[in-house]
Amino acid sequence: MPKQYLPLLGKPVLNWSIEAFKNHPLVSNIIVVIHPDHEQLFKSAAPGIKYVTGGGTRQQSVQKGLTALRPAKPDIVLIHDAARPLISNTLITDLCQAAIKSDAATPALPVTDTVKRNGKTENREGLYTAQTPQAFRFDLIDKLHQKYQDKSLTDDAALCEAEGHPVTYVPGQSDNIKITHPADLARAEQYLASRCNDVRTGQGYDVHRLVPASGGRKLMLCGIAISHDHVLEGHSDADVGLHAITDAILATIGAGDIGQHFSDNDPRWKNADSATFLKHAAALVAQQGGIIAHVDVTLVCEAPKISPHRTAMQQRIAEILRLPVQRVSVKATTTEGLGFTGRREGIAAQSIVTTRLPFVITASEQQTEEQRKWAS
Ligand code: MG
(Lines give C-alpha, C1' and ligand atoms only; values in the text may rest on other atoms or scores of the structure.)
Protein backbone atom coordinates (compact mmCIF):
# COMPACT_ATOMS: atom_id res chain seq x y z
CA MET A 1 0.00 0.00 0.00
CA PRO A 2 1.52 3.40 -0.96
CA LYS A 3 2.02 5.55 2.14
CA GLN A 4 -0.51 8.23 1.08
CA TYR A 5 -3.24 5.59 1.26
CA LEU A 6 -2.28 4.03 4.61
CA PRO A 7 -4.91 4.49 7.32
CA LEU A 8 -4.28 7.22 9.88
CA LEU A 9 -6.88 7.47 12.68
CA GLY A 10 -9.85 6.35 10.62
CA LYS A 11 -8.98 7.64 7.14
CA PRO A 12 -6.18 7.48 4.59
CA VAL A 13 -3.19 9.83 5.11
CA LEU A 14 -4.12 11.62 1.87
CA ASN A 15 -7.60 12.49 3.15
CA TRP A 16 -6.19 14.44 6.10
CA SER A 17 -4.34 16.65 3.61
CA ILE A 18 -7.37 16.99 1.31
CA GLU A 19 -9.67 17.91 4.19
CA ALA A 20 -7.27 20.52 5.57
CA PHE A 21 -7.59 22.41 2.27
CA LYS A 22 -11.23 21.60 1.61
CA ASN A 23 -12.25 23.07 4.98
CA HIS A 24 -10.15 26.22 4.58
CA PRO A 25 -12.19 29.30 3.61
CA LEU A 26 -9.49 30.68 1.26
CA VAL A 27 -9.27 27.49 -0.81
CA SER A 28 -11.72 27.10 -3.69
CA ASN A 29 -10.18 24.39 -5.84
CA ILE A 30 -8.26 21.19 -5.15
CA ILE A 31 -6.49 19.05 -7.74
CA VAL A 32 -4.75 15.92 -6.54
CA VAL A 33 -1.95 14.63 -8.73
CA ILE A 34 -1.83 10.86 -8.40
CA HIS A 35 0.34 8.02 -9.66
CA PRO A 36 -1.24 6.49 -12.79
CA ASP A 37 -1.34 3.07 -11.04
CA HIS A 38 -3.31 4.44 -8.07
CA GLU A 39 -6.51 5.51 -9.79
CA GLN A 40 -8.69 2.86 -8.16
CA LEU A 41 -7.13 3.45 -4.74
CA PHE A 42 -7.69 7.18 -5.08
CA LYS A 43 -11.29 6.88 -6.24
CA SER A 44 -12.20 4.75 -3.25
CA ALA A 45 -10.23 6.92 -0.77
CA ALA A 46 -11.42 10.32 -2.01
CA PRO A 47 -14.53 9.95 -4.17
CA GLY A 48 -15.57 13.15 -5.93
CA ILE A 49 -12.20 14.90 -5.51
CA LYS A 50 -10.69 16.15 -8.79
CA TYR A 51 -7.44 14.51 -9.83
CA VAL A 52 -4.99 14.20 -12.69
CA THR A 53 -2.35 11.53 -13.17
CA GLY A 54 1.23 12.63 -12.64
CA GLY A 55 4.36 12.54 -14.77
CA GLY A 56 7.70 10.76 -14.44
CA THR A 57 9.20 13.22 -11.94
CA ARG A 58 7.90 15.31 -9.04
CA GLN A 59 8.33 18.43 -11.14
CA GLN A 60 6.41 17.02 -14.12
CA SER A 61 3.61 15.96 -11.78
CA VAL A 62 3.34 19.44 -10.30
CA GLN A 63 3.30 20.90 -13.80
CA LYS A 64 0.40 18.63 -14.77
CA GLY A 65 -1.50 19.77 -11.68
CA LEU A 66 -0.89 23.43 -12.57
CA THR A 67 -2.06 22.86 -16.14
CA ALA A 68 -5.27 21.30 -14.81
CA LEU A 69 -5.81 24.38 -12.60
CA ARG A 70 -5.41 26.95 -15.42
CA PRO A 71 -9.12 27.06 -16.40
CA ALA A 72 -10.00 28.02 -12.78
CA LYS A 73 -7.67 31.07 -13.08
CA PRO A 74 -6.56 31.00 -9.42
CA ASP A 75 -4.71 33.98 -7.93
CA ILE A 76 -2.67 31.88 -5.55
CA VAL A 77 -1.78 28.21 -5.67
CA LEU A 78 -0.52 26.09 -2.79
CA ILE A 79 1.55 23.07 -3.76
CA HIS A 80 1.50 20.37 -1.12
CA ASP A 81 2.94 16.93 -0.53
CA ALA A 82 0.01 14.72 0.49
CA ALA A 83 2.35 12.73 2.74
CA ARG A 84 2.24 15.70 5.16
CA PRO A 85 -1.22 15.18 6.66
CA LEU A 86 -0.86 17.46 9.71
CA ILE A 87 -0.93 20.81 7.96
CA SER A 88 -2.80 23.37 10.07
CA ASN A 89 -5.39 25.97 9.14
CA THR A 90 -3.17 28.73 10.46
CA LEU A 91 -0.24 27.73 8.26
CA ILE A 92 -2.45 27.74 5.15
CA THR A 93 -3.70 31.22 6.05
CA ASP A 94 -0.19 32.54 6.74
CA LEU A 95 1.13 31.18 3.44
CA CYS A 96 -1.73 32.64 1.41
CA GLN A 97 -1.25 36.06 3.01
CA ALA A 98 2.50 35.96 2.43
CA ALA A 99 2.06 34.88 -1.21
CA ILE A 100 -0.45 37.69 -1.83
CA LYS A 101 2.18 40.18 -0.60
CA SER A 102 5.31 38.71 -2.13
CA ASP A 103 4.27 36.18 -4.84
CA ALA A 104 6.11 33.24 -3.25
CA ALA A 105 6.11 31.81 0.28
CA THR A 106 7.48 28.69 1.90
CA PRO A 107 7.13 27.34 5.44
CA ALA A 108 10.56 26.78 6.94
CA LEU A 109 12.00 25.77 10.28
CA PRO A 110 15.49 26.71 11.49
CA VAL A 111 17.77 23.69 11.87
CA THR A 112 18.29 23.13 15.60
CA ASP A 113 20.34 19.92 15.45
CA THR A 114 24.06 20.11 14.85
CA VAL A 115 24.74 19.34 11.21
CA LYS A 116 27.74 17.23 10.16
CA ARG A 117 29.08 16.76 6.67
CA ASN A 118 31.82 14.18 5.98
CA GLY A 119 32.86 14.18 9.63
CA LYS A 120 32.94 17.99 9.91
CA THR A 121 30.52 20.19 11.80
CA GLU A 122 28.71 22.66 9.57
CA ASN A 123 27.75 26.12 10.70
CA ARG A 124 23.97 25.82 11.06
CA GLU A 125 23.50 29.58 11.10
CA GLY A 126 20.98 30.43 8.39
CA LEU A 127 20.13 26.76 7.72
CA TYR A 128 16.42 25.98 7.38
CA THR A 129 14.38 22.95 6.43
CA ALA A 130 11.60 23.69 3.96
CA GLN A 131 8.13 22.17 4.27
CA THR A 132 5.02 22.14 2.15
CA PRO A 133 2.58 23.56 1.22
CA GLN A 134 4.46 26.21 -0.71
CA ALA A 135 2.38 29.12 -1.94
CA PHE A 136 2.82 31.13 -5.13
CA ARG A 137 1.09 33.59 -7.34
CA PHE A 138 -0.33 31.15 -9.88
CA ASP A 139 0.88 32.91 -13.03
CA LEU A 140 4.42 33.12 -11.68
CA ILE A 141 4.88 29.47 -10.72
CA ASP A 142 3.04 28.26 -13.84
CA LYS A 143 5.44 30.28 -16.01
CA LEU A 144 8.53 29.11 -14.06
CA HIS A 145 7.50 25.47 -14.37
CA GLN A 146 7.38 25.85 -18.15
CA LYS A 147 10.66 27.77 -18.27
CA TYR A 148 12.62 25.34 -16.10
CA GLN A 149 10.96 22.07 -17.05
CA ASP A 150 14.28 20.42 -17.83
CA LYS A 151 15.77 21.19 -14.42
CA SER A 152 15.25 18.65 -11.67
CA LEU A 153 14.55 20.52 -8.44
CA THR A 154 13.42 19.14 -5.09
CA ASP A 155 10.82 21.80 -4.35
CA ASP A 156 8.92 24.55 -6.12
CA ALA A 157 10.53 27.42 -4.22
CA ALA A 158 13.78 26.33 -5.93
CA LEU A 159 12.26 27.47 -9.25
CA CYS A 160 11.95 30.99 -7.83
CA GLU A 161 15.53 30.76 -6.60
CA ALA A 162 16.64 29.73 -10.11
CA GLU A 163 14.84 32.79 -11.48
CA GLY A 164 16.26 35.08 -8.77
CA HIS A 165 12.74 35.75 -7.46
CA PRO A 166 12.67 36.24 -3.67
CA VAL A 167 10.78 33.71 -1.52
CA THR A 168 9.23 34.74 1.80
CA TYR A 169 9.83 32.29 4.63
CA VAL A 170 6.97 31.87 7.07
CA PRO A 171 7.48 29.93 10.31
CA GLY A 172 6.89 26.24 9.61
CA GLN A 173 4.99 23.92 11.86
CA SER A 174 7.09 21.50 13.89
CA ASP A 175 4.42 18.78 13.73
CA ASN A 176 3.92 19.15 9.96
CA ILE A 177 5.90 15.95 9.49
CA LYS A 178 6.32 13.99 6.29
CA ILE A 179 5.27 10.35 6.44
CA THR A 180 8.36 8.55 5.17
CA HIS A 181 8.94 5.61 7.54
CA PRO A 182 6.41 3.40 9.37
CA ALA A 183 7.38 5.08 12.67
CA ASP A 184 6.26 8.43 11.21
CA LEU A 185 2.72 7.10 10.99
CA ALA A 186 2.71 6.34 14.72
CA ARG A 187 4.14 9.81 15.40
CA ALA A 188 1.46 11.44 13.21
CA GLU A 189 -1.19 9.49 15.09
CA GLN A 190 0.16 10.82 18.39
CA TYR A 191 0.26 14.40 17.13
CA LEU A 192 -3.31 14.17 15.82
CA ALA A 193 -4.57 12.56 19.01
CA SER A 194 -2.86 15.22 21.12
CA ARG A 195 -4.48 17.96 19.00
CA CYS A 196 -7.85 16.28 19.51
CA ASN A 197 -7.97 16.68 23.27
CA ASP A 198 -11.54 17.95 23.43
CA VAL A 199 -13.24 14.69 24.37
CA ARG A 200 -16.99 14.56 23.67
CA THR A 201 -19.59 11.98 24.60
CA GLY A 202 -22.88 11.60 22.75
CA GLN A 203 -25.89 9.44 23.38
CA GLY A 204 -28.35 8.00 20.84
CA TYR A 205 -31.60 6.10 21.24
CA ASP A 206 -33.91 4.62 18.62
CA VAL A 207 -36.89 2.28 18.35
CA HIS A 208 -38.46 0.62 15.31
CA ARG A 209 -41.59 -1.50 15.15
CA LEU A 210 -41.37 -5.20 14.25
CA VAL A 211 -43.74 -6.41 11.51
CA PRO A 212 -44.07 -9.83 9.83
CA ALA A 213 -41.46 -10.28 7.09
CA SER A 214 -42.78 -9.83 3.55
CA GLY A 215 -41.64 -8.80 0.09
CA GLY A 216 -38.08 -10.02 0.61
CA ARG A 217 -37.30 -7.22 3.12
CA LYS A 218 -34.49 -8.25 5.48
CA LEU A 219 -34.13 -7.50 9.17
CA MET A 220 -31.17 -5.10 9.27
CA LEU A 221 -29.33 -4.74 12.56
CA CYS A 222 -26.01 -2.90 12.89
CA GLY A 223 -25.41 -3.23 9.14
CA ILE A 224 -26.02 -6.99 9.02
CA ALA A 225 -28.96 -8.65 7.21
CA ILE A 226 -30.53 -11.29 9.46
CA SER A 227 -33.02 -13.98 8.42
CA HIS A 228 -35.95 -13.67 10.80
CA ASP A 229 -39.75 -14.06 10.66
CA HIS A 230 -40.16 -10.36 11.51
CA VAL A 231 -38.48 -7.24 10.08
CA LEU A 232 -38.17 -3.65 11.27
CA GLU A 233 -40.58 -1.15 9.79
CA GLY A 234 -39.35 2.27 8.69
CA HIS A 235 -38.74 4.64 5.80
CA SER A 236 -35.10 3.57 5.39
CA ASP A 237 -33.84 0.04 6.05
CA ALA A 238 -34.88 0.80 9.68
CA ASP A 239 -31.54 -0.33 11.10
CA VAL A 240 -32.22 0.72 14.66
CA GLY A 241 -28.62 0.02 15.76
CA LEU A 242 -26.99 2.21 13.11
CA HIS A 243 -29.59 4.93 13.74
CA ALA A 244 -28.75 5.04 17.46
CA ILE A 245 -25.01 5.24 16.67
CA THR A 246 -25.61 7.98 14.07
CA ASP A 247 -27.53 10.04 16.65
CA ALA A 248 -24.80 9.52 19.24
CA ILE A 249 -22.13 10.75 16.80
CA LEU A 250 -24.22 13.80 15.83
CA ALA A 251 -24.73 14.53 19.53
CA THR A 252 -20.98 14.87 20.10
CA ILE A 253 -20.83 17.85 17.72
CA GLY A 254 -24.23 19.33 18.56
CA ALA A 255 -25.47 18.57 15.04
CA GLY A 256 -29.06 17.68 15.85
CA ASP A 257 -30.49 14.25 15.13
CA ILE A 258 -30.74 11.84 12.23
CA GLY A 259 -34.23 13.07 11.25
CA GLN A 260 -32.86 16.57 10.63
CA HIS A 261 -30.26 15.26 8.22
CA PHE A 262 -32.31 12.52 6.56
CA SER A 263 -36.02 13.29 6.52
CA ASP A 264 -38.58 10.46 6.65
CA ASN A 265 -40.43 12.26 3.84
CA ASP A 266 -37.49 12.34 1.47
CA PRO A 267 -37.87 9.68 -1.25
CA ARG A 268 -34.06 9.47 -1.54
CA TRP A 269 -33.96 7.63 1.80
CA LYS A 270 -36.75 5.14 1.00
CA ASN A 271 -35.27 1.72 1.91
CA ALA A 272 -31.88 3.45 2.17
CA ASP A 273 -28.87 1.59 3.57
CA SER A 274 -28.37 3.22 6.98
CA ALA A 275 -24.58 2.99 6.48
CA THR A 276 -25.08 6.20 4.43
CA PHE A 277 -26.39 8.01 7.54
CA LEU A 278 -23.56 6.74 9.70
CA LYS A 279 -20.92 7.79 7.14
CA HIS A 280 -22.49 11.25 6.92
CA ALA A 281 -22.31 11.75 10.69
CA ALA A 282 -18.68 10.55 10.73
CA ALA A 283 -17.85 12.93 7.86
CA LEU A 284 -19.22 15.87 9.90
CA VAL A 285 -16.85 14.98 12.74
CA ALA A 286 -13.96 14.64 10.26
CA GLN A 287 -14.79 18.06 8.79
CA GLN A 288 -14.08 19.58 12.20
CA GLY A 289 -10.74 17.80 12.28
CA GLY A 290 -12.15 15.34 14.82
CA ILE A 291 -11.86 11.60 15.22
CA ILE A 292 -14.20 8.93 16.54
CA ALA A 293 -12.52 7.28 19.49
CA HIS A 294 -15.10 4.66 20.51
CA VAL A 295 -18.56 3.37 19.67
CA ASP A 296 -20.79 1.35 21.97
CA VAL A 297 -24.27 0.11 21.07
CA THR A 298 -26.77 -2.02 22.96
CA LEU A 299 -29.62 -3.76 21.12
CA VAL A 300 -32.72 -4.46 23.21
CA CYS A 301 -34.89 -7.35 21.97
CA GLU A 302 -36.15 -10.86 22.77
CA ALA A 303 -35.48 -12.11 19.22
CA PRO A 304 -33.57 -12.59 17.03
CA LYS A 305 -30.59 -13.82 19.06
CA ILE A 306 -27.81 -11.28 18.62
CA SER A 307 -24.81 -13.32 19.83
CA PRO A 308 -24.31 -15.27 16.54
CA HIS A 309 -24.11 -11.95 14.65
CA ARG A 310 -22.25 -9.85 17.18
CA THR A 311 -18.76 -10.17 15.64
CA ALA A 312 -20.06 -9.48 12.12
CA MET A 313 -21.89 -6.38 13.43
CA GLN A 314 -18.78 -5.11 15.19
CA GLN A 315 -16.74 -5.61 12.00
CA ARG A 316 -19.33 -3.93 9.79
CA ILE A 317 -19.59 -0.85 12.03
CA ALA A 318 -15.77 -0.65 12.18
CA GLU A 319 -15.64 -0.94 8.39
CA ILE A 320 -18.23 1.81 7.80
CA LEU A 321 -16.46 4.17 10.24
CA ARG A 322 -12.95 3.03 9.22
CA LEU A 323 -12.11 2.28 12.85
CA PRO A 324 -10.08 -0.53 14.36
CA VAL A 325 -12.56 -3.21 15.45
CA GLN A 326 -11.36 -2.90 19.06
CA ARG A 327 -12.93 0.55 19.15
CA VAL A 328 -16.42 -0.81 18.48
CA SER A 329 -18.61 -2.59 21.01
CA VAL A 330 -21.91 -4.36 20.28
CA LYS A 331 -24.00 -5.67 23.16
CA ALA A 332 -27.51 -7.07 23.47
CA THR A 333 -30.03 -7.57 26.21
CA THR A 334 -33.62 -8.69 26.61
CA THR A 335 -36.05 -6.97 28.96
CA GLU A 336 -37.15 -10.24 30.56
CA GLY A 337 -40.41 -10.23 28.63
CA LEU A 338 -41.35 -6.79 29.98
CA GLY A 339 -42.52 -3.81 27.95
CA PHE A 340 -42.78 -3.41 24.14
CA THR A 341 -39.46 -5.08 23.51
CA GLY A 342 -40.49 -7.93 25.80
CA ARG A 343 -43.75 -8.34 23.84
CA ARG A 344 -41.66 -8.41 20.63
CA GLU A 345 -43.48 -5.38 19.23
CA GLY A 346 -40.25 -3.59 18.40
CA ILE A 347 -36.49 -3.39 18.85
CA ALA A 348 -34.75 -0.59 20.72
CA ALA A 349 -31.11 0.46 20.52
CA GLN A 350 -29.00 2.69 22.72
CA SER A 351 -25.59 3.99 21.81
CA ILE A 352 -22.80 5.98 23.40
CA VAL A 353 -20.04 7.40 21.20
CA THR A 354 -16.84 9.17 22.19
CA THR A 355 -15.31 11.60 19.72
CA ARG A 356 -12.22 13.78 20.07
CA LEU A 357 -12.03 17.23 18.53
CA PRO A 358 -9.19 19.74 18.25
CA PHE A 359 -9.96 22.00 21.21
CA VAL A 360 -6.75 23.93 21.86
CA ILE A 361 -5.91 24.37 18.17
CA THR A 362 -9.38 25.71 17.33
CA ALA A 363 -9.31 28.11 20.27
CA SER A 364 -5.88 29.50 19.41
CA GLU A 365 -6.82 29.79 15.73
CA GLN A 366 -9.90 31.80 16.60
CA GLN A 367 -7.78 34.03 18.76
CA THR A 368 -5.31 34.51 15.92
CA GLU A 369 -8.21 35.36 13.63
CA GLU A 370 -9.35 38.04 16.09
CA GLN A 371 -5.83 39.40 16.40
CA ARG A 372 -5.69 39.61 12.61
CA LYS A 373 -8.92 41.61 12.54
CA TRP A 374 -7.43 43.97 15.12
CA ALA A 375 -4.26 44.28 13.11
CA SER A 376 -6.08 45.04 9.88
MG1 MG B 1 -34.70 5.14 13.30
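Student: Which protein atoms are the donors of the magnesium ion, and how far from it do they lie?

Tutor: They are Asp206 (OD), His208 (NE2) and His243 (ND1), lying 2.1 to 2.3 Å from the ion. Before we go on: this is a predicted model, where local features need pLDDT of at least 70, side-chain atom pairs count only at pLDDT 80 or more, and totals for chains, interfaces and linings use all residues. Residues are numbered from 1 along each chain as its sequence is written, and side-chain values use heavy atoms, with hydrogens and water left out.

Student: What makes those atoms donors?

Tutor: Donors are N, O and S atoms within 2.8 Å of the metal (3.2 Å for Na, K and Ca), and water is not among the atoms, so sites may look incomplete. The three protein donors sit at 2.1 to 2.3 Å, so they meet the 2.8 Å cut-off. Along the chain, their spacing reads D-x1-H-x34-H. Asp206 in strand S12 and His243 in helix H8 (residues 240-252) are 37 residues apart, so this pair links distant parts of the chain. Helices (H or I, at least four residues) and strands (E, at least two) are DSSP runs, numbered from the N terminus.

Student: Why is Asp206 called buried?

Tutor: Buried means under 20% relative accessible area, exposed over 50%, and partly exposed in between (1.4 Å probe, protein chains only). Asp206 has 17% relative accessibility, so Asp206 counts as buried. His243, at 6%, is buried too.

Student: How do you know that S12 pairs with S18?

Tutor: Two strands pair if DSSP finds at least two bridges between them. S12 (residues 198-212) and S18 (residues 346-357) have twelve bridges, in the antiparallel sense, with Val199 opposite Arg356 in S18. S12 is also joined to S15 (residues 230-232) by three bridges, again antiparallel, and Val211 has Val231 as its bridge partner there.

Student: Why is helix H1 described as largely enclosed?

Tutor: Nine of the ten residues of H1 (residues 13-22) are buried, so the rest of the structure largely encloses this helix. Among them are Trp16, Ile18 and Phe21. For the protein chain of 376 residues, 47% count as buried.

Student: What is Gln63 in contact with, leaving aside its neighbours within four places in sequence?

Tutor: His145, Gln146 and Gln149; contact means heavy atoms within 4.5 Å. Gln63 is found in helix H3 (residues 58-69), and its relative accessible area is 14%, so Gln63 is buried.

Student: What makes the bond between Thr132 and Pro133 worth a look?

Tutor: Most residues other than glycine have a negative phi, and most peptide bonds are trans. Thr132 and Pro133 are joined by a cis peptide bond, with omega about 5°, and Pro133 lies in the loop between S9 (128-130) and S10 (134-137). Ala303 and Pro304 are also joined by a cis bond, with omega about 0°.

Student: Which value of phi does Asn271 have, and is Asn271 buried or partly exposed?

Tutor: Phi of Asn271 is near 60°, a positive value in a residue other than glycine. Its relative accessible area is 46%, so Asn271 is partly exposed. Glu336 has a positive phi as well, near 55°, and with a relative accessible area of 70%, Glu336 is exposed. Glu336 is found in the loop between S17 (328-333) and H12 (339-342).
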